[in-house]
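Work through the exercises below with the structure open. Each task is followed by a stepwise solution.

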Amino acid sequence: MTERAAVKAALKTQAVETPSWAYGNSGTRFKVFAQQGVPRDPREKLDDAAKVHEFTGVAPTVALHIPWDRVDDYAALARHAEDRGLRLGAINSNTFQDDDYRLGSVCHPDAAVRGKAVDHLLECVDIMDATGSKDLKLWFADGTNYPGQDDVRARQDRLAEALAEVYERLGDEQRMLLEYKLFEPAFYATDVPDWGTAYAHCLKLGPKAQVVVDTGHHAPGTNIEFIVATLLREGKLGGFDFNSRFYADDDLMAGAADPFQLFRIMYEVVRGGGFTSDVAFMLDQCHNVESKIPAIIRSVMNVQEATAKALLVDRDALGAAQREGDVLGANAVLMDAFSTDVRPLLREVREEMGLDPDPMGAYARSGWAEKIVADRVGGEQAGWGA
């Protein structure tokens, strides 16, 4: 198999999970902006997600967020997804939108509040059982705003206790993916602020616990690809939440702010074997001012382009330059791959998959945008619950 054929074969196996909440209304701290045609329930979110998969061919799963996507019959929701060529992916918990969680959830000083939070996490595992989902994704807004507000070490003990209880509930084929975030909404000490804290908890829990890297959750200048390489080396990289940021957790389209960073991350994924392992590639974005479905399609395409460039890196030439201490030569190998226009290659891949080579144009011509505006009249549009 030629190098080009091998790259194309790898790209055809790629899968990017889309988040249900990206199809709903979202906004800034100041305003949630409504758009016409936005889904009114989880089924309509899946209908939109099916269009993303139809035109990209690489978005076969959809992550759910509980309680935003709560339904009476999760097995029926899974069948609805299957009928549209999809599967339900990660189940995302929500322990940050209840008044009881003002001082935290699983780290709260009140045992009753901690119990309520753990019960919700266990409910999410029940939903995983009903939907066939493999991954439970946990992000905690827990933290403190002022020195002395709470005992930092005690909060870590409470977190460990809660995680252990949920971990024991997981099935043999299920995973716990622990996400971290530098700050917000806690501004003095966030309880899971970085990959090291998440890794330490996951290491103690066992093999079913892994770390999620959200590309927007780091301090400016953080070398995210180093984190990715390290977690892959340790077998603890569970997945990604892809998005872009200029300043903080901006939740912009993947690859929009720094496509070179996305390329560097994907190179470490390829280099570390993560592209062919159980690493979950998911978008985690909010489309506040742009149309939602086209933005998600564009994001998937951005991840594809970064992956294609990463696969094109001449690893033999790179390794030779590195061994020889050829600093500029090694850098040139990476830059040559990044500078390659991979759009013709990806058009070929899509045609060979029986897809339109232009996903954005195909969606625009499909009439789906006009159909949902006409059909989704009345009812309450889905949003992020803020």
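## Exercise 1: the largest pocket

Task: in this predicted model, find which residues lie nearest the centre of the largest pocket, and describe its lining.

Solution. 
- Step 1. The residues nearest the centre are Phe 96, Trp 139, Lys 181, Glu 184 and Asp 249, out of a lining of 49 residues.
- Step 2. The space in this pocket comes to about 1300 Å³.
- Step 3. Sort the lining by class: 17 residues are nonpolar, 17 polar and 15 charged.
- Step 4. Look for strands. Strand 2 (26-27), strand 6 (135-138) and strand 7 (143-144) each contribute at least two lining residues.

## Exercise 2: the second largest pocket

Task: state which element gives the most to the lining of the second largest pocket.

Solution. 
- Step 1. Locate the pocket. Glu 17, Thr 61, Arg 87, Lys 134 and Ala 280 lie nearest its centre, among 32 lining residues.
- Step 2. List the elements that give two or more residues: helix 3 (74-83), strand 5 (87-92), strand 6, strand 8 (175-179), strand 11 (237-242) and strand 12 (280-283).
- Step 3. Strand 5 gives the most, with four residues.
- Step 4. By class, the lining holds 14 nonpolar, nine polar and nine charged residues.

## Exercise 3: backbone around Glu 184

Task: describe the backbone geometry at Glu 184 and at the peptide bond to Pro 185.

Solution. 
- Step 1. Place the residues. Glu 184 sits in the loop between strand 8 and strand 9. Pro 185 is in the loop between strand 8 and strand 9 (189-190).
- Step 2. Read phi. For Glu 184 it is near 80°, a positive value in a non-glycine residue.
- Step 3. Read omega. The bond from Glu 184 to Pro 185 is cis, with omega near 5°.
- Step 4. Why does Glu 184 count as buried? Its relative accessibility is 16%, and the cut-off is under 20%.

## Exercise 4: a buried arginine

Task: what does the side chain of Arg 350 reach, and which side chain of opposite charge is nearest?

Solution. 
- Step 1. Arg 350 belongs to helix 12 (residues 343-352).
- Step 2. Arg 350 is buried and has no salt bridge. The nearest side chain of opposite charge is Glu 305, 5.8 Å away. A salt bridge needs the charged atoms within 4 Å.
- Step 3. The side chain of Arg 350 does reach the backbone oxygen of Pro 357, at 3.4 Å.

Terms used:
Residues numbered from 1 in each chain as written. Predicted model: local features only at pLDDT ≥ 70, side-chain atom pairs only at ≥ 80, totals over all residues. Heavy atoms only, no water. 1 Å grid on protein atoms, 1.4 Å probe; cavity = no way out; pocket = protein on both sides within 12 Å on 5 of 7 lines; lining within 4 Å. Points joined across faces, edges and corners; volume = space filled by probe spheres on them. Nonpolar A, V, L, I, M, F, W, Y, C, P; charged D, E, K, R; others polar. Buried < 20%, exposed > 50% of the residue type's maximum accessible area, 1.4 Å probe, protein only. Lys, Arg positive; Asp, Glu negative; His and termini not counted. Polar contact = N/O pair within 3.5 Å; in protein donor to acceptor, adjacent residues only side chain to side chain.
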